[in-house]
Amino acid sequence: MIDKLYKTILASNGNNPDDISIEFSPGAEHVSLQTDLWTLSAFKENEIKFNPTHIIDEIEKYQLELYNDLDNNKSTTARPIYFENTYNILTSIGLTQSAKRDTGEVSTTNTHNSIGTGSTTPTEADVGLATEDTGGSYARRSYASNGQRKVVSQTAKYGMLWQDSTVSAVPISITESGVHWASTGSSTIHARVTFTVFSMTSGDLFVTQINELHQNG
């Protein structure tokens, strides 16, 4: 887990966590690179507490403490029950929406996080999650009121805390997540990711953390 944790810390500090290989071709003297590292983690709520509206700040602080524990064979902080790194797909409609924000044609922002149970491989043509959660207490969660989003240097950061009370019901097998510019509806997804199943049960916390780095190559 320490290697995955190290990648997350690098991304949180605005660094690309992986080596980049670019094949040069005429006309490609200037390349725009975007790295979107997602970290999915889960905990028992009786072992750790997070303030949802400061989830980015608190999860990054926790990860530094955990890395220090693992690197020094200590046990001063709670251990996650699930920890995964993966890269998302930026959808074609999401890229178009981002471009239109730059030209002032739309006034949207990336406002909501979703979770689901689908495992279809993400593609640029996606217009939503494969199988978004539905029913019960589930609704896409707002970064403004239920999570945190901010930009540090060239890294856009999004964080959300999910609990057993904010999904349709438990147990639930969570395998995908998305970033949206609307609270409902299809064709509003900026990014989608799939990951190894996390089986949420009563008393579990699930954190989605995105570091979206924009840089010139």
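Predicted model: local features only at pLDDT ≥ 70, side-chain atom pairs only at ≥ 80, totals over all residues.

A: Residues are numbered from 1 along each chain as its sequence is written, and side-chain values use heavy atoms, with hydrogens and water left out.

The largest nonpolar core has 21 residues; such a core is a set of buried Ala, Val, Leu, Ile, Met, Phe, Trp, Tyr and Cys residues joined through side-chain atoms within 4.5 Å, buried being under 20% relative accessible area (1.4 Å probe, protein chains only). Within this core, Trp 162, Ile 174, Met 200 and Phe 206 have the most contacts. At least two of its residues come from each of strand 1 (32–44), strand 7 (155–163), strand 8 (172–180), strand 9 (189–200) and strand 10 (204–216), where strands are DSSP runs (E, at least two residues) numbered from the N terminus.

Ile 174 shows what surrounds one of these residues: beyond its neighbours within four places in sequence, Ile 174 is in contact (heavy atoms within 4.5 Å) with Ile 115, Gly 116, Phe 195, Thr 196, Val 197, Phe 198, Met 200 and Phe 206. There is also a second, separate core of 12 residues, among them Phe 43, Tyr 62, Leu 161 and Leu 205.

As for confidence, pLDDT (the predictor's confidence in each residue, from 0 to 100) averages 88 over the protein, and 85% of the residues score at least 70. Over residues 19–34, however, pLDDT stays under 50, and the model has 18 contacts beyond four places in sequence for that stretch.

Technical notes. Buried < 20%, exposed > 50% of the residue type's maximum accessible area, 1.4 Å probe, protein only. Helix = DSSP H or I, 4+ residues; strand = E, 2+ residues; numbered from the N terminus.
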